[in-house]
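Me: I would like to learn how to read a model like this one, feature by feature. Could you take me through it, with the general idea before each case?

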Amino acid sequence: MVAHLIRLKLALLRNGLRRSPWQVVGLAFAALYGLGIVVIACAGLIALAFVPVAEVTVALTLAGAAAVVGWWVVPLVASGVDATLDPRRFVTFAVPRRQLLLGLGLAGVVGVPGAVTTLLALGTVVSWFRGPATVLAALVGALLGVATCVVGARAWTTLLAGLVGSRRFREGAGVLLVIPLMLLGPLLSGIAAVVADGAQALPGIARTLAWTPLGAPWAIPGDVATGAWGSALVRTLLAAATVGGLAVVWSFALTRSLESPPATRGAAARTRGLGLIGRLPGTPTGAVAARCLVYWVRDPRYAASLVIVPLLPVLLHFVGSPGGAVMLAVAPLSAFLMGWSISADVAYDGTAFWLQVSSAVSGRADRAGRVVAAAVISVPLTLALAVGSVWWTDRWDALLAVLGMSIGILLTALGLSSVVSARFLYPVPQSGQSPFSSSTGGSGVNLLTQLVGWTVLTLLVLPELVVGVLAIVRGDAGLGLATLAVGLVLGAVLLVAGVLLGARLFDRRGPELMQQVVAMA
Amino acid sequence: MSTPPSPPPDPAERRSDGAALSTGAASASTPAGRAAPALALRGLWKRFGDNVAVAGVDLDVPAGSFFGLVGPNGAGKTTTLSMATGLLRPDAGAVWVHGRPLWADPTAAKRMLGVLPDGVRLFDRLTGAQLITYAGLLRGMDRATVTERTQDLLRALDLAADADKLVVDYSAGMTKKVALASALIHAPRLLVLDEPFEAVDPVSATNIRSILHSYVATGGTVIVSSHVMDLVERMCDHVAVVAQGRVLAAGTVADVRGGLSLEDRFVELVGGRGTGEGLAWLRT
């Protein structure tokens, strides 16, 4: 059974690659990236073999804890993470729970991130090549560490997928998504402490982490090397208990999601009358805008794409020096992300897109409606963030520059998204699926499209970016006004151009888009 | 599939094909002429990879007919109907809706078309009333007409009580009905319904049938695909049998039947009847 699940995962990966050459490019891209990390990190691990025990412990504990945090948090934040073996697909097969968990857990190691983590964890054995006892301890630590990563990732995603998929959540409490992310706060304050105290703080942090589930498995060999058998034993027990505890959480969440699939849970929601569709103008453009706005409110996938926005100020606060000008980047960055968020709009429609094709709605009405909906959400947010960041940093002289950059970026991003969503479809979670899941083998293409799109977007907004940064650095009011002018004019021109080009693509390629969304469903 | 994947005609040939038809074949497309069939398909081809789903379908659906499209699973019914309604671009071939070339002038042809596709989602985060209204507004209709027709459709399809419920919470049959309402809102001249009765309860099915019958009686044309022979035999006046991407027989139900029941005739045409033996272990 366990071997079956791993074979299934490999088969899914292989078949996904057969579907389109872009999937191969995506995987090659991911593999190359992974390989780069492995080579560099392996060199580091080998070098650590010649370093005093105390420092090796600090370095490996910190790196290991970072890996665990990455495994736990990234699947919650990024939608490009693999959820190929959705446990719900196994509902009708009588697979014993224990074997299902073991199989899914091991299958989680198959794939680029799993392989890289496993290789590097086993690489720590080289760093601890100082006698049979430490080697054995390093091996045990590595296995426990990898298990903490993989089982933890599964546990948290399964647990939160239930939360995210539930009706109550879907009905507008998209903000709930932010709560697990707020856990990042303590971690970030730790990083801030390092920035403040320099490298002196590292051993202290490592010592603390070594007594938490995050760092315990990676610190075991250090104890053995120094002969601290007692703490080695305690840490081993702690790490093992963590894995066990996570497995229990996962098993519980799995049972819950299998027995009560979120799709059918909860009372049916009702809306009196027509809501927004009755209120916006009764034109095709108005209808599309109203429909998209309803989705922004009701569809957790849209909420998930906004989740990073409230987090940005927190992140930047810890990255920059206190009260520093870095905070002024909040509004432009949010504008960038929010404008880009409709770049997958057609893919988000899924096969429901047939209504657009079959009603022969003009490309202009469709593109414009989607832009209007996104603008209704993002323009007030961007303006508020711009003014807020200026207030926070007390740099009122930079207000015009920040506004210019933010508006320019937002308009440009909306224009570019209008083109991208009519031309390049990448797999996204289907309606009703967890916003954190992703389709088979899609993450590579996903990554590639976004990377290219972001590069193009950055190039397009370069003018207002350069003028704006100059204005802020020099504190020049004239340049600030120039930024606002450039941002407004260039942004408006690019937005119109993007909508028109996107409309032409939409009119010409409607059936092709339809075929693509059907193929991805 | 046994059909050899012969190459589809190139676009130039396709055009001449279409031109020849509009002058040659008497029954086919004289543009906007009164005699033009509601739907005319000529040489439709579609291939997915190595798999030829539709291999040269020619079909005339007379205006004012209640037309049944029957065929075994995987016969290419859905693919044919997708190409006939502008949802899937054919590799080759042409489609006319009341004399208007669908793929050359999609906007005009789609205005006359009402479509109920099978196996696709709806914008299911809208309520039933919202979805029907959305479909109407999307077609550029004015709000007053849309509002009035939405209420009529909700009543006629027994959805009035669930008008304010999200479509995602609808049962399969209700979903079919709300999709049908979205297809009817702009009063199309030709209705193309892919498996409209699947999962619909008998009472609703009867209601839908009577709506469709009165629609045909007032000059509309309906095409339904189904694999329930009995239903097609009772409901439709014309029928086409499709298998392996080709039309095996088409015409009035009486002609196609030729004295047999439609089901027997279908099995005779399509073949592949098993012996009914071979699952000896399937006993309790």
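Reply: We can begin with a pair of facing residues: L41(B) stands opposite L59(B), which belongs to strand β2 of chain B. This is a predicted model, in which local features need pLDDT of at least 70 and side-chain atom pairs count only at pLDDT 80 or more, while totals for chains, interfaces and linings use all residues. Residues are numbered from 1 along each chain as its sequence is written, chains are lettered from A and ligands numbered from 1 in the order in which they are written, and side-chain values use heavy atoms, with hydrogens and water left out.

Me: In what sense do β1(B) and β2(B) pair, and over how many bridges?

Reply: Strands of a sheet pair through backbone hydrogen bonds, either parallel or antiparallel. Strand β1 (residues 39-48) of chain B and β2(B) pair in the antiparallel sense, over 8 bridges; strands are DSSP runs of E with at least two residues, helices are runs of H or I with at least four, both numbered from the N terminus, and two strands pair if DSSP finds at least two bridges between them. Helix α2 (residues 77-84) of chain B packs on the sheet and touches β1, β2 and β4 (92-97) of chain B, where contact means heavy atoms within 4.5 Å.

Me: Which residues of strand β6 of chain B lie on each side, and are they buried or exposed?

Reply: In a regular strand the side chains alternate between the two faces of the sheet. In β6(B) (residues 113-116), L113(B) and V115(B) on one side and G114(B) and L116(B) on the other are all buried, buried meaning under 20% relative accessible area, exposed over 50% and partly exposed in between (1.4 Å probe, protein chains only). β6(B) pairs in the parallel sense with strand β7 (residues 190-194) of chain B over 4 bridges, and L113(B) has L190(B) as its bridge partner there.

Me: How far apart are the N and O atoms in the salt bridge of D349(A) and R291(A)?

Reply: Side chains of opposite charge can pair when their charged atoms come close. Between D349(A) and R291(A) the closest N and O atoms are 3.4 Å apart, a salt bridge being a side-chain nitrogen of Lys or Arg within 4 Å of a carboxyl oxygen of Asp or Glu. D349(A) lies in helix α18 (residues 345-349) and R291(A) in helix α14 (residues 284-298) of chain A, so the pair ties together parts that are 58 residues apart in sequence. D349(A) counts as buried at 4% relative accessibility, and R291(A) counts as buried at 0%.

Technical notes: Axes fitted to C-alpha atoms, helices over the stretch in contact; angles between N-to-C directions.
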